[in-house]
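Hi,

Here is the structure I promised to pass on.

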Amino acid sequence: MIELLKASRQSKAEPGRKRAISVLEPAIIKRAAIDSFAKLDPRWMVKNPVMFIVEIGSLLTTYQLLKSIASGNTGEALFVGQVTLWLWFTVLFANFAEAMAEGRGKAQADSLKKTRTDTWASKKTPAGIEKVLAADLRKDDLCVCEAGDVIPGDGEVIEGIASVDESVITGESAPVIRESGGDRSAVTGGTKVLSDRIVVRITSNPGETFIDRMIHLVESASRQKTPNEIALGILLSGLTIIFLLVAATLQPFALYSSTSISITSLIALLVCLIPTTIGGLLSAIGIAGIDRVMQHNVMAMSGRSVEASGDINTLLLDKTGTITLGNRQAVEFIPLPGIEENRLAEAAQLSSLSDETPEGRSIVVLAKRKYGLRGVDMSGQDVQFIPFSANTRISGINTGRRAIRKGASEAIIDYVKSRKGEIPPSLKPVVIRIADAGGTPLVVSENSEVLGVIYLKDVVKGGIRERFERLRSMGIKTVMITGDNPLTAKTIAQEAGVDDFLAEATPESKMRLIRQEQAKGNMVAMAGDGTNDAPALAQADVGLAMHSGTMAAKEAGNMIDLESNPTKLIEIVEIGKQILMTRGALTTFSIANDLAKYFAILPAIFASAYPQLRSLDIMHLHSYSSAILSAVIFNALVIVALIPVALKGVSYHSVSAETLLARNLVIFGAGGVIIPFIGIKLIDMAIVAMGFIR
């Protein structure tokens, strides 16, 4: 057991990660290209009103092309054909952007599906161990898993301790410890036992496992739209309707002014004026956000939770298993006056050899690590282990003439007194000091003599204080929630570096605190791992459940952290802000670049009837046809150029809203005005030089 803990610790010191699935892998690109055509189905396209209008326009120009060919009008067919081609490319590129965003999620889902093999399980029955297929296991069945076995289903360790490879779930090559009792007992089907032996109680039926849920959730196409995305969609639909009415009224106006405008030109004008850029990239932005969260080993149940995280300003964290490691650990042996420290360490180790609790195991580990005490071979000796009892609150060992005990201070005092021993006056101050610091004192005795005290404490996770400081710099208030007394809670809160704490918390008080924060207009995130955290996780705007926690917590949250690191919320918040910033930036660019298209197309259409409009032709495009075709081509290519921005997101900077708005206006607003002028002019020169326009 000790060797197992050491091996696990060493492996975690040099963690590795499986190769991430790149969105530019050929398989993903090929799949996205195929999906681009599949998404041309009007039943799918109607979900994006902007691109649905473009698809209808493409169908109409295709009809016009066929008419031109049938009538033998070669010149018109050449122009209409090129416009039609680029309109279809616009639709396909928009679909391709969305399909690329979905690509990594689908690749991850395929990878997870491969983990579902016909695993054999060692099922415990009244008659003994029976080999059955994992698919035949049902909830509450008991299975024995030994080194090398694949855990056949989601479950809870009810006996033993083992090192488990969870890389198929988390992507981390470093094994984790799973043990009976506490918050580290949950195991996932498809993971592999690396050492020792555990007994697992199955907690889900086939088809209801965690991997099944992951497969469903990482297939991002099934995600729901966020409120912000819905609002933006309404805005884009409104702009589309306005420009649709504008384009429809131009034909009567042209007839009144004795100007001829073809259906193809009107459609090209409409497509160029409506916000096709952001319309084509909107879905990709949201889906890519969910994918970026998954790259950080956080599984989001919906796009809503990812986007809501961008507005979080209050974070509530359960202490046990979230801020701390989850089990109290032995950190110090404190001998009483006249007792050698090594003697206390050896007695503490012997008294804990049969103690299978996490605290007992930590005592053995501390004795070995700090004092070099190796495991003792008890074979052939007259040994009697005294298991821990809730009644006596004592455990220990009898070997030869030695009767070693450890336990709560009152219990050991009573035990020593029963053996006619004396209680040293120096014991009480040590016990009080540890208790006042929020720790747990365990007193060790040998025969009728008190040797000293073992200091057990909640161990704060490494690096968490620095992470909380970073959250604070992002304007997020951190609040620790614990059932401990106020004194203990204050000690842990100061060590962890949180802004505030709630002591002696109950599920009701956690929910009450969240509702109070929400009533103030704050967006609240809750990170927890226990069943008693489930109501608060469900109430919070963002509920981040630890994968190592209970199933109830994972069911209640809208995100699951596969690495069980509560400060992962930093990355989640940044990604949420990235989604909002990316959507705002590309919307700014999309609306701004329409300005150049006005100058390109409107003078070309009406300059013959109103020569004064020629002064607006500041790009001096070659002709009426080249102006329209150049604008349509640029409209399609700009979507392609912005796909990487939509998938990666704009760079996140912790700045004020005013600074961010100014930055967007300068980079994407000014850029959206200037770049199209340059791009349309270059395209006009290119298509004329290549003879596409006569």
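G396 sits opposite R405 of β13. That pair belongs to strands β12 (residues 394–399) and β13 (residues 402–407), which pair in the antiparallel sense over six bridges. (Strands are DSSP runs of E with at least two residues, helices are runs of H or I with at least four residues, both numbered from the N terminus; two strands pair if DSSP finds at least two bridges between them.)

Before you read on: this is a predicted model, where local features need pLDDT of at least 70, side-chain atom pairs count only at pLDDT 80 or more, and totals for chains, interfaces and linings use all residues. Numbering starts from 1 along each chain as its sequence is written, and side-chain values use heavy atoms, with hydrogens and water left out.

Back to the sheet: six strands make an open, antiparallel one, in the order β10-β15-β14-β13-β12-β11. Its edge strands are β10 (329–335) and β11 (383–386), each pairing on one side only.

There is also an open sheet of seven strands with mixed pairing, ordered β8-β20-β19-β18-β9-β16-β17. β8 (298–300) and β17 (500–502) each have a single partner strand, so one side of each is left without a neighbour in the sheet. Within it, β18 (residues 524–528) and β19 (residues 542–546) pair in the parallel sense over four bridges, and A525 has V542 as its bridge partner in β19.

Last, A604 lies in helix α23 (residues 594–606). Leaving aside neighbours within four places in sequence, A604 is in contact (heavy atoms within 4.5 Å) with Y624 and A627.

Cheers
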